[in-house]
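Here is a short briefing to read beside the model. Take a look at the structure first, then go through the points below.

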Amino acid sequence: DRYELLIIEGDSAAGTVARGRDSEFQAYLPIRGKILNVLRASERKMLDNEECGALITAIGAGAGRGFDIEKIRYSKLIVLADADVDGAHIRCLLLTLCWRYMRPLVEAGRVYAAVPPLYRITLKGSGEYIYCYSEAEKEATLVDLEKRGVAWRDDIQRYKGLGEMDDDQLAETTLEPQSRQLRRMTVRDAEAAEKMFEVLMGGDVSERREYIVEQSNGFDHERLDV
């Protein structure tokens, strides 16, 4: 069973995914905006939420105590979100939803996060592209190219969102099983996401204040995308 459900953040990315996917085995579901934080909502409120309800319906196996993994329509759930803070928030919210109401999916290792590239380096002469998935990989690639005497164009592209890629680029780097990178979202990830939401959005103000102060002391301001 190789059928996949691509859960996509944002309308612009959804259009690109719709054109770049392989419709033989890849279905897609756009998520418009941040979904409900299920840690602070009842099961009824969760089911009434449009985005949560659409996801549960698409998966087709129910939710909560009635969830039946044998009825799931897809072998993989793959979250496609931008490589920024908002994208990380979307991934955490979706993972928390799966953990709370479709836990066997996470326990079975069937929930994934796509890993889109951050940079595209264009080589001079050949026009060949090299995709890099982190700042460290980009720097290492440039050092290697320089050692080999391979020139590259100065306009290295920094992808700020999935919607900035055209259909072929997104398919090659993020959708095609032979060339993409996926990160399996584990039980440990789900527990960490739930704990983080409890700290940041729960009722314990002192714990939230302590966390913010602790994180701000060592914050690297170069991480800001301004």
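A charge sits over a ring if NZ of Lys or CZ of Arg is within 6 Å of the ring centre and within 35 degrees of the ring normal. The model is a predicted one, where local features need pLDDT of at least 70, side-chain atom pairs count only at pLDDT 80 or more, and totals for chains, interfaces and linings use all residues. Residues are numbered from 1 along each chain as its sequence is written, and side-chain values use heavy atoms, with hydrogens and water left out.

**Charges over rings**
- R120 lies over the face of Y129, at 4.0 Å from the ring centre.
- Over the face of Y119 lies R158, at 5.6 Å from the ring centre.

- Strand β5 (residues 119-122) pairs with strand β6 (residues 129-132) in the antiparallel sense, over 4 bridges.
- Strands here are DSSP runs of E with at least two residues, helices are runs of H or I with at least four, both numbered from the N terminus, and strands pair if DSSP finds at least two bridges between them.
- Within this pairing, I121 stands opposite I130 in β6.
- The hairpin has 6 residues between β5 and β6, and G125 in the turn has a positive phi of about 85°.

**Helix packing**
- Helix α1 (residues 11-20) packs against helix α7 (residues 167-175) at an angle of about 80°, with the axes 9 Å apart.
- α1 and α7 are therefore roughly perpendicular to each other (65 to 115 degrees).
- T16, V17, R19 and G20 of α1 make the contact with D167, L170, A171 and L175 of α7 (heavy atoms within 4.5 Å).

Definitions and conventions. Axes are lines fitted to C-alpha atoms, for helices over the stretch in contact, and angles run from 0 to 180 degrees between N-to-C directions. Angles under 35 degrees count as roughly parallel, over 145 as roughly antiparallel, 65 to 115 as roughly perpendicular and the rest as oblique.
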